[in-house]
Amino acid sequence: MSVIIKPFAWMLLQFYELTGSYALALILFSLVIKTVLFPFFMKGKKGMMRMSRLQPMMKELEKKYEGNRQKYAIEVQKLYKAEGVSPMSGCLWNLIPFPFLILLYTIIRKPITQMMGLSSESLGTIANALTSFGVTEVADYSTSYGEMALAQQATPFADRLATLVPGFVGIDFSMFGLNLASNPSFLFFLGDDPWHWANIGLFLIPIISGAFALLQMIISQKLNPPAVEQNNKMMLFMMPLISIWIGYAMP
């Protein structure tokens, strides 16, 4: 796992030190990840298109061997072999990147131990130092996104902490007045000062993400052959909904 994470963690840190903006660093980081994974998605797309070209021949076989499913299955396998097509090839190539994406998300979720490459013991050192600096409620770094909260609290004391924990880097999570380390709230209007941009902006990010996911799915289906388009109708709404859910579930 570290073999995959370390070079990308170093890259994200370099982007941040180069730009001074965590948001811009994440955008550049995402572009690199997309570029690295692009060949896998292209392989999956080609596999789906090759399968779609077989649809007319499969329909003919279905009519020819109607009522004899065993013979139909045998002939379909022969067709796959003759054309050099695997029915699972498209899905497999699209699924391969997901384990890597989950590992890479760890870099974002754990900015101190992954992005900065500090030891887990340093988290306790930072938390104790913040207490001595007068921070009354130090973030629980053992939670899923605790490191992000701890890094945010520690940033104003970055110079002092760097002497205690060499390698510590203060991270500015702000972007256009929004705090990227905060979770958006779907019920933001029920909170204190609900119409402040910091709350409205965070609420809009998952919605915008879902809208772009929907647009991407529509364009993708328009470019697909009819047979593939028919099979992907359920995904048209599933992917945007998943995108919105992720947006509200995580910082």
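Start by selecting Thr-106, which sits in helix H6, residues 97-109 (helices are DSSP runs of H or I with at least four residues, numbered from the N terminus). The model in your viewer is predicted, so local features need pLDDT of at least 70 and side-chain atom pairs count only at pLDDT 80 or more, while totals for chains, interfaces and linings use all residues. Residues are numbered from 1 along each chain as its sequence is written, and side-chain values use heavy atoms, with hydrogens and water left out.

Thr-106 counts as buried because its relative accessibility is 14% (buried means under 20% relative accessible area, with a 1.4 Å probe and protein chains only). Beyond its neighbours within four places in sequence, Thr-106 is in contact with Ile-5 and Gln-114 (contact means heavy atoms within 4.5 Å).

Next, pick Ile-107. Setting aside residues up to four places away in sequence, Ile-107 touches Phe-8, Leu-12, Phe-29 and Met-115, among others.

Now colour the largest nonpolar core, which has 44 residues (a set of buried Ala, Val, Leu, Ile, Met, Phe, Trp, Tyr and Cys residues joined through side-chain atoms within 4.5 Å). Tyr-22, Phe-29, Ile-107, Ile-126 and Phe-168 touch the most other members. Elements giving two or more residues to this core include helix H1 (2-19), helix H2 (22-53) and H6. H1 gives the most, with eight residues.

For a last stop, go to Tyr-72 in helix H4, residues 69-83. With 11% relative accessibility, Tyr-72 counts as buried. Draw a line from its C-alpha atom to that of Met-58, 14 residues apart along the chain: the separation is 9.0 Å.

Technical notes
Buried means under 20% relative accessible area, exposed over 50%, partly exposed in between (1.4 Å probe, protein chains only).
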